[in-house]
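Here is a short note to read alongside the model. Please keep the structure open and look up each place as we come to it.

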Amino acid sequence: MTAAPNQAHRQSTESLNVLLRQSIEALAQGGPNTQHAANELRELVSSPPRVAVIGRLKAGKSTLVNAMTETRIAATGSLECTMTVTIYDEGAPARADIIGLDGKVNTVPLGGNVLTDLGRPVDEVDYVRQFVPIARLRDLGIIDTPGTATLTVENEARTRRMLIDGSKDTQRASSWADAVLFLSDSAPRDDERAFIAELGMTPLTTVGVLSRADSFGPGAFGHEDPLEMANRYADRIGEQLGASVGVVVPLSGLLAESALTGRVNGALARDLAALASLDREQLIDFIEFPDPSRVVEGFNAAQRDELLDVMGEYGLVYGRSVAAEHGPGGLLQWMRQTSGIDRLTEIITQSMPYYATLQRAVRIVDALESLANQPEIRDHVLWVQSVLQSQPQMNDVMLYRSFKNTVADSPDSRLIPQLRAVIQGATPAQKVGMPADAPAERVTVTLRQELAELRELAMTPLSAAEDDAREHLIVAYQAAWKQLNT
Ligand SMILES: Nc1nc2c(ncn2[C@@H]2O[C@H](COP(=O)(O)OP(=O)(O)OP(=O)(O)O)[C@@H](O)[C@H]2O)c(=O)[nH]1
Ligand SMILES: [Mg+2]
């Protein structure tokens with residue numbers, strides 16, 4: 001029986017990680033000149049891949065970080081604004097390393113609280129790395145970033161320094177991002193699209209999030225459920241983002257954060273249930289009156305504000321009957337389902353670690369290539385490269401590299417969907433975009449057709465990236481064909 005894609009990908013992730021670690025160790029054997037680069041790369045491969053959360057000011061990035069870690073770990077709010085890039089990695093005891101632009105590192109213990117004091121001016125800080133005992137971070141670390149496309153130029157500069165300039169710099173390898181969640185609560189702007197393109201990711205490592213979907217369009221008091229509207233609109237945003245983003249998921253980070261960080265209890269569910277019988281006008285009055293007890297007896301303003309803080313207006317309008325009928329347990333379940341977090345979590349935990357590992361492997365291959373330009377270490381690096389390239393795990397890496405280059409250089413290429421299917425698929429059938437249970441004879445016929453078309457493509461003008469992709473596709477289809485016919 002063939003392994004399911006996720007299981008196959010998990011095994012590939014593990015064996016690829018082992019191979020990368022061995023290569024870095026081999027690199028370090030090349031004397032003092034290779035050690036410096038090797039140390040930084042070793043630091044990189046000793047932590048799991050990481051996903052960076054990016055987007056405009058107040059897009060809901062830190063709220064999503066809290067939901068994903070099921071802990072209120074990042075400061076959020078209309079006044080709070082994320083000022084430094086922060087990496088969250090699994091580790092104990094909970095502590096934060098504050099890395100200065102001068103290279104100095106200050107470590108402060110974290111007592112389960114949000115880090116508030118950096119101990120030095122924020123302009124002197126390069127980034128912060130927090131170690132927290134959260135199992136979820138074992139497969140994929142998270143990077144929270146200051147908003148881009150804002151008037152706060154320094155904030156955007158910090159995000160760019162980390163994700164764009166840093167990604168080209170082997171000296172900063174230990175803080176590289178290997179995948180991205182791009183948050184936007186409306187149509188993406190040109191500068192955001194350009195920013196995403198500069199990250200050098202692929203549609204498999206870039207997930208779009210239509211954030212704050214609970215207040216989409218006219219919001220909770222509009223004529224239509226904003227989350228349903230957001231669901232329809234997400235695909236349009238996907239089209240606007242073009243080739244660089246794989247899928248766009250609508251999300252209410254607020255409902256997800258509240259549900260997953262323990263902000264919903266029996267008292268809150270009872271308060272919410274007390275609103276179930278109000279009509280629309282009464283509910284608006286309840287939210288707007290300085291004294292809500294004029295609408296619902298016994299309610300004070302602090303209780304009402306807490307309800308709004310935890311549930312948002314959407315949660316009040318749409319969640320109150322759920323609370324009345326199903327109590328706190330039912331309310332929690334509804335919040336998770338409605339928020340969209342389950343779908344996003346599935347993407348992040350099931351498929352993203354593998355693609356992020358491929359993305360990272362490509363960066364390491366590129367780093368070795370640039371190290372090979374240094375005459376004093378050239379021979380040693382070439383040896384490491386040749387051993388690495390001869391390993392079977394590298395076929396997927398080189399295929400992914402060619403996918404990445406094709407997305408960057410020829411975003412409209414007809415080869416992109418084919419490359420994607422080959423990388424995503426676990427079985428020969430899936431690799432040519434057919435269902436896993438398609439009959440072997442039909443898959444063989446399709447493979448033969450695809451191979452013939454790829455060979456013919458050699459006669460047509462292709463970009464260098466496409467030409468390379470074509471060759472890798474041929475190798476992958478031939479391997480699939482062999483698998484079916486031996
Ligand atoms: N209604 C609603 N509010 C949200 C949602 N996500 C975040 N917010 C609110 O929006 C405000 C900003 O959220 P943050 O998570 O701090 O946003 P951010 O993108 O990290 O902001 P910066 O770090 O300043 O760029 C907070 O008051 C959140 O409660 C959401 O899904 N729905
Ligand atoms: Mg933030």
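The points below go from the whole chain to single residues.

1. A word on the source. This is a predicted model, in which local features need pLDDT of at least 70 and side-chain atom pairs count only at pLDDT 80 or more, while totals for chains, interfaces and linings use all residues. Residues are numbered from 1 along each chain as its sequence is written, chains are lettered from A and ligands numbered from 1 in the order in which they are written, and side-chain values use heavy atoms, leaving out hydrogens and water.

2. The overall build. You will find 17 helices and 9 strands in the chain; these are DSSP runs, numbered from the N terminus, with helices (H or I) of at least four residues and strands (E) of at least two. The radius of gyration is 25 Å, close to the 23 Å from the globule rule for 486 residues, so the chain is as compact as a globular protein of that length. That radius is taken over C-alpha atoms, and the rule is 2.2 Å times the number of residues to the power 0.38.

3. Inside and contacts. Of the 486 residues, 53% are buried, where buried means under 20% relative accessible area, exposed over 50%, and partly exposed in between (1.4 Å probe, protein chains only). Among contacts (heavy atoms within 4.5 Å) with a separation of 6 or more, 72% join residues 24 or more positions apart.

4. A buried leucine. L454 sits in helix α16 (residues 440-457) and is buried, at 2% relative accessible area. Leaving aside residues up to four places away in sequence, L454 touches L415, R470, L473, I474 and Y477.

5. Backbone details to check. Most residues other than glycine have a negative phi, and most peptide bonds are trans. The bond from A92 to P93 is cis, with omega near -5°. K58 has a positive phi, near 65°, and is partly exposed at 30%. R212 also has a positive phi, near 50°, and is partly exposed at 40%.
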